Amino acid sequence: MTVELASEGGFDAVQMREVSERADVALGTLYRYFPSKVHLLVATLRWRFEAQEAHTATRAVPGDTPRERVMFILRRLTRGLQKEERLTEALVRAFMFADASVSDEIRAVGGHLTGMISRAVAGDPDHGEATAEEAAVIGIITDVWLAALVAWVNGRASVEDVERSVDVAVGRLLP
């Protein structure tokens, strides 16, 4: 229901009452699990990245170098998000508006991104957890990617600009 509403009208279209009605769930029950629409939208982003990570964890990522493999993952994520502009606008805005009360969901989103990128860097779908140094490099890459997505959502960057910015950052960090 959240995806449906956000796809129809973006962030502003997601109203807790409407979500509860469409899902046929009591409003109080919805609020018990998701205290705000920001919580609900960030959880939606987490579930989407969780599915993407599960998908990438079962197969090798194409590319001969860490840079090529990471760019494959990020291009795929970016293009998927850009196909659903209003939904992406809602998810990115919620991610940006999230405060400390949403920190568990934010960490989960970051964990899924880190897992996908870590396996791409290693070139191994069975690669375990990232080392502290790998996680730091991946954190920089994902920060650049998220900033580029924000610029795209806000109309300050094109699809090509997003890819170019991310490719430059990945190239500097993963030669």
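Student: Why is Trp-47 called partly exposed?

Tutor: Trp-47 has a relative accessibility of 39%. Buried means under 20% relative accessible area, exposed over 50%, and partly exposed in between, with a 1.4 Å probe and protein chains only. Trp-47 therefore counts as partly exposed. The residue lies in helix α4 (residues 37–56), where a helix is a DSSP run of H or I of at least four residues, numbered from the N terminus. The model is predicted, so local features need pLDDT of at least 70 and side-chain atom pairs 80 or more, while totals for chains, interfaces and linings use all residues. Residues are numbered from 1 along each chain as its sequence is written, and side-chain values use heavy atoms, without hydrogens and water.

Student: What makes a residue part of the lining of the largest cavity, and which residues line it?

Tutor: A cavity is a set of points on a 1 Å grid over the protein atoms alone where a 1.4 Å probe fits but cannot get out, and lining residues have an atom within 4 Å of a point. Met-71, Leu-74, Arg-75, Thr-78, Trp-145, Val-162, Glu-163 and Val-166 line the largest cavity. Its volume is about 30 Å³, volume being the space filled by probe spheres set on the points, which are joined across faces, edges and corners.

Student: Which helix gives the most to that lining?

Tutor: Helix α5 does, with four residues. Both α5 (66–82) and α9 (159–173) supply at least two.

Notes. On a 1 Å grid over the protein atoms alone, a cavity is a set of points where a 1.4 Å probe fits but cannot get out, and a pocket is an open set with protein on both sides within 12 Å along at least five of seven lines; lining residues have an atom within 4 Å of a point.
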